[in-house]
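Here are some notes for a colleague opening this entry for the first time. Please read them with the structure in view.

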Amino acid sequence: MKSSRDSYVSTTNACKLCKPMGACLAFRGIEGAVPFLHGSQGCATYMRRYIISHFREPMDIASSSLGEKHAVYGGEANLILGLKNVLSKFSPRLIGVATTCLTETIGDDVPMILRKFHRESRIEHAGPDLPLLVSVSTPSYSGTHMEGFHAAIKAVTDQVCIALPGSAAQDRINLLPGFLSPADIRYLKEILVDFGIHAVVLPDISETLDGPALEDYEKIPSGGTPIQDIRSMGKACGTIQFGRTLGYEDTAGSRLHERFNVPLHALGMPVGLRETDRFFSLLEDISGLPTPRKHALERGRLIDAFVDAHKYLFGKRAVIYGEEDLVVGLTSFLAETGIRPVICASGGRSGRFREAVEQVTRDILAESPMVCDGVDFHEIAGEAEKLAPDLLVGHSKGYHLSSRWKIPLVRVGFPIHDRFGGQRTLHVGYRGTQSLLDGIVNAFIGSKQEDSPVGYGYM
Amino acid sequence: MALSVKERPDSEPERIDLNDVRQEILDRYPTKVARKRAKQIVINRAGGGAEVPEIEANTRTIPGIITQRGCTYAGCKGVILGPTRDIVNITHGPVGCGFYSWLTRRNQTRASTPEDENYMTYCFSTDMQEEDIVFGGEKKLRAAVLEAYEIFRPKAISIFSTCPVGLIGDDVHTVAREMKEHLGINIFAFSCEGYKGVSQSAGHHIANNGIFTHVVGLDDTRKEGKYSINLLGEYNIGGDAFEIERILHRCGITVVSTFSGNSTYTQFSNAHTADLNTIMCHRSINYVAEMMETRYGIPWIKINFIGAGATAKTLRKIARYFEDPELADRVEEIIESEMPDVEKVRDEVRARCEGKSAMLFVGGSRAHHYQELFREIGMITVSAGYEFAHRDDYEGRNILPDIRVDADSRNIEELHVEPDPERYRPRKNPEELERLAREGFRFKDYDGMMSDMPARTLIIDDISQYETERLIEIFKPAIFCAAIKEKYAIQKKGIPMKQLHSYDSGGPYAGFRGAVNFYREIDRMVNTKIWSAIKAPWQKSPELSAGYAWNA
Ligand code: SF4
Ligand code: SF4
């Protein structure tokens, strides 16, 4: 497997974002939560900017706004003042405090400061209104935004879930979907309802990062996983966790298993036919019901579309990049369509990327794609150039390669800042796969039509 | 003149007392915070010769308050050096800071040939890992510089420090100096750690100081042209600089360098050969003009290309400086040829926008400059403020001696500059300067935003998210201008929001053609019917909101 360590010193056009950004996104999917960064204000501003330009939604991230003095003497006072101001302006139900490179380097003990704050505020307010304070350590010099995302979810379950009396609820599960689009989350919830399963989906950004236009603006958008539900996740009869590169150990799902004995079902991100089939089979097992007709029909139509699309896609060579788990899912799907994934690349470095790609391609590809982890776009380009790709699948940062090589880029994942509707991109399930498939086929038809001197209007 | 901000035929606009608004906003803050904000929220008393009130600016943002401001690194790497196409910029730090500043501003560049160096689409970072934080990152930085050199062979490489770098004590300047000697190209570093200043403004200063120290004056080649100027503080967002260059070119005025829209390393290195410095954004660059005057003898004037009227005024002012009737005539000719197209659209749009209100909270000069464009279509700015400007940008340069220097400003190095023994050449002798002044020509003139705004307008420095929300609820302006971070929160409330940092993918808005673009854009935004559909038919209830009567 290719790794950045083997080649360049500089990261040139990175294919990953930083850790606290992932944490902020995860916190945003909790009802009444305000993400808070302990560090200088620039990080919060930068991350807000990126998240906002993708989702086209408000995104507040508070910051302790440390200055030089605090960088030297520690940021406790600023953190406490910042929390107080967030309390008075937002009345949040939860504040998710993530560290940044600055405060990690200084070595501020955030959990300790939060405990102290909680103690003191309890005395001051003596009311039940104090929000939950969740802290997560997110130094970007180890890990990417995805590690930050999962770390935040783990911190939330670790710090919020409690042991409750009574036995497990047979009709309740936990779903840890990972970083998907609001549209994906809405669709997943619809599927679960159709199976009659009550699920705690954590995080749930379906409304908080894709909300309606409102006459009365809400300081904290409604929606998100209710805190009450998070508290009782230990009562579920199972946890479904998406992401083959996440592994079984030390994840939110595995911790729920260890602490509350909730069985963990680790699945791949359900993109494409086979990974989605696995997801639906599991839902059948859990619910004891067959797949509802609506979804069975969607599956049927998808197969039909695979057949129709084959002539456009067969043998095309694709470069897939982005977050590891998304890339694994996309690769699995593309391989099913007859496309040949030639490179699977990610800035992430979970150590399980290659194995995951192999698991999903082993049965259908004669030749495994090249798998590169910890790489940037400079390295991706270097490898891809030798392989003459026909298609790029990934987020907006691949645009320069697509324009250089004059091949289509189908935009998925995050960030999408040069197309409209990134927050509504569907990736998962039969429906998401269908919509990706349509997009990919049309990208090929479009570029063929454009390049054709004949001017075909019938492709 | 009483104007209702939102026409509501069957309800009399209720008069809003600004003192009440101010008090209401402050009351919701804890005492200490309220005390600080009270100095940053003031009611303008300008107009009619009254002195403008004092405002607190360029002080630290209160933790936990959602601010518009970015960091020192953002100002240095993103804003100032970002738009230069042929310097390889290496961010020394963890991956995020570099990623977030990777072409996120819409500064444009136009290389003369496809083969010309253009590194703008690249984002280099040392992507520090745990071991670099623990053992120091100088070694990695050195290797990164060497690598960039070997791959690209650029004219220059610059290094930007992010927060952790300052903490672990990497000596970026020594690395730069050694690598410069070793490789024989210009290499320089910036200590622009994000925590250094109170906002991106500190980063502008650090960047400009660096360019002045390491680049300006290196190349004495004079560009051809009788009237040569530098355009300072213009960043070519949405192609503004292209439009300005077009107009200046038509007038026969040569732009030696732009700091830093559509700029190159060579432009910076012979900036000292120009005969006049013209300043667009006073905040981000006035000190460079001052230093260039001391060292090279180039006078500076404040100009503004935002607004058709302002553009005409600026051209006349430049012509006046050169005191050449030929140029003056040429300028009049150009203005006369450009204005009819502008006026046609302006009058048409004005008929639909007259009397509507705007709020501008952005930047260090834009919140002032764009008022001009709104005025041209009859719109009134009822409230404005800067994101990162200083007191002189509000109150005018005459208060400069009164500005208190705090620890944060002391953090930013003030360069000590002397006349250059070979290159100092006063462009005007003392008699000429005096005569021009007598005739009413003003050098180094910036009276700030407040004196340009009517009395009874609300001026707010470093506005917070919460204050923005309250303002909108109370005043219901026809349009609100800020940046992308504020955009969707404001639009959720049913108020059109125009981004004045990245222009919402629009632009140019500078110069004559830019003015036309802007009029059309504002017309489209304030006259769209979509907002009336926010409530579904089954939810419609009589609108209840206060109007605002405004007295000039
Ligand atoms: S310092 Fe760290 S947390 Fe902040 S933007 Fe940079 S990489 Fe991200
Ligand atoms: S770490 Fe410092 S330099 Fe980087 S984005 Fe944050 S505030 Fe700016």
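How many residues of chain A are in contact with chain B, and how many of chain B with chain A? The points below start there. Keep in mind that this is a predicted model.

1. **Extent of the interface.** The answer is 63 residues of chain A and 64 residues of chain B. Between them the two chains bury about 5,900 Å². Carbon and sulfur atoms give 62% of that area. On the chain A side, the residues that lose the most area to chain B are Y46(A), Y141(A) and Y217(A). Together these three make up 13% of what that side buries.

2. **Polar links across the interface.** Chain A and chain B share 23 residue pairs in polar contact, counting pairs with both residues at pLDDT 80 or more. The rule also finds 3 salt bridges across the interface. One of them can be checked at K16(A), which pairs with D127(B). Their closest N and O atoms are 2.7 Å apart.

3. **What chain A brings to the contact.** Several elements of chain A each supply at least two residues to the side that touches chain B, among them β2 (11-12), α3 (68-73), α4 (76-90) and α15 (377-387). The largest share comes from α2(A), with 10 residues. By class, this side of chain A has 28 nonpolar, 23 polar and 12 charged residues.

4. **The largest pocket.** The largest pocket holds about 1,400 Å³. Its lining has 47 residues. Which of them lie nearest its centre? They are R56(A), I484(B), Y488(B), Q499(B) and S505(B).

5. **Elements of the lining.** Both chains take part. From chain A, α2 (41-55) and α16 (399-405) each supply at least two residues of the lining, as do α20 (484-492) and α21 (511-526) of chain B. α20(B) gives the most, with 5 residues. The lining divides into 15 nonpolar, 17 polar and 15 charged residues.

6. **A backbone point at the pocket.** R56(A), one of the residues nearest the pocket centre, sits in the loop between α2 and β4 of chain A. Its phi is near 50°, a positive value in a residue other than glycine.

7. **Cis peptide bonds.** Two deserve a look. In chain A, L202(A) and P203(A) are joined by a cis bond with omega about -5°. P203(A) lies in the loop between β8 (198-201) and α9 (227-231) of chain A. In chain B, a cis bond joins F259(B) to S260(B), with omega about 0°. S260(B) belongs to strand β8 (residues 253-260) of chain B.

How values were computed:
Residues are numbered from 1 along each chain as its sequence is written. Chains are lettered from A and ligands numbered from 1 in the order in which they are written. This is a predicted model: local features need pLDDT of at least 70, side-chain atom pairs count only at pLDDT 80 or more; totals for chains, interfaces and linings use all residues. Side-chain values use heavy atoms; hydrogens and water are left out. On a 1 Å grid over the protein atoms alone, a cavity is a set of points where a 1.4 Å probe fits but cannot get out, and a pocket is an open set with protein on both sides within 12 Å along at least five of seven lines; lining residues have an atom within 4 Å of a point. Grid points are joined across faces, edges and corners, and a volume is the space filled by probe spheres set on the points. Helices (H or I, at least four residues) and strands (E, at least two) are DSSP runs, numbered from the N terminus. Ala, Val, Leu, Ile, Met, Phe, Trp, Tyr, Cys and Pro count as nonpolar, Asp, Glu, Lys and Arg as charged, and the others, Gly among them, as polar. Contact means heavy atoms within 4.5 Å. Buried area is the accessible area (1.4 Å probe) that two parts lose on being put together, summed over both. A salt bridge is a side-chain nitrogen of Lys or Arg within 4 Å of a carboxyl oxygen of Asp or Glu. A polar contact is a pair of N or O atoms within 3.5 Å; within protein, one must be able to donate a hydrogen and the other to accept it, and residues adjacent in sequence count only if both atoms are side-chain atoms.
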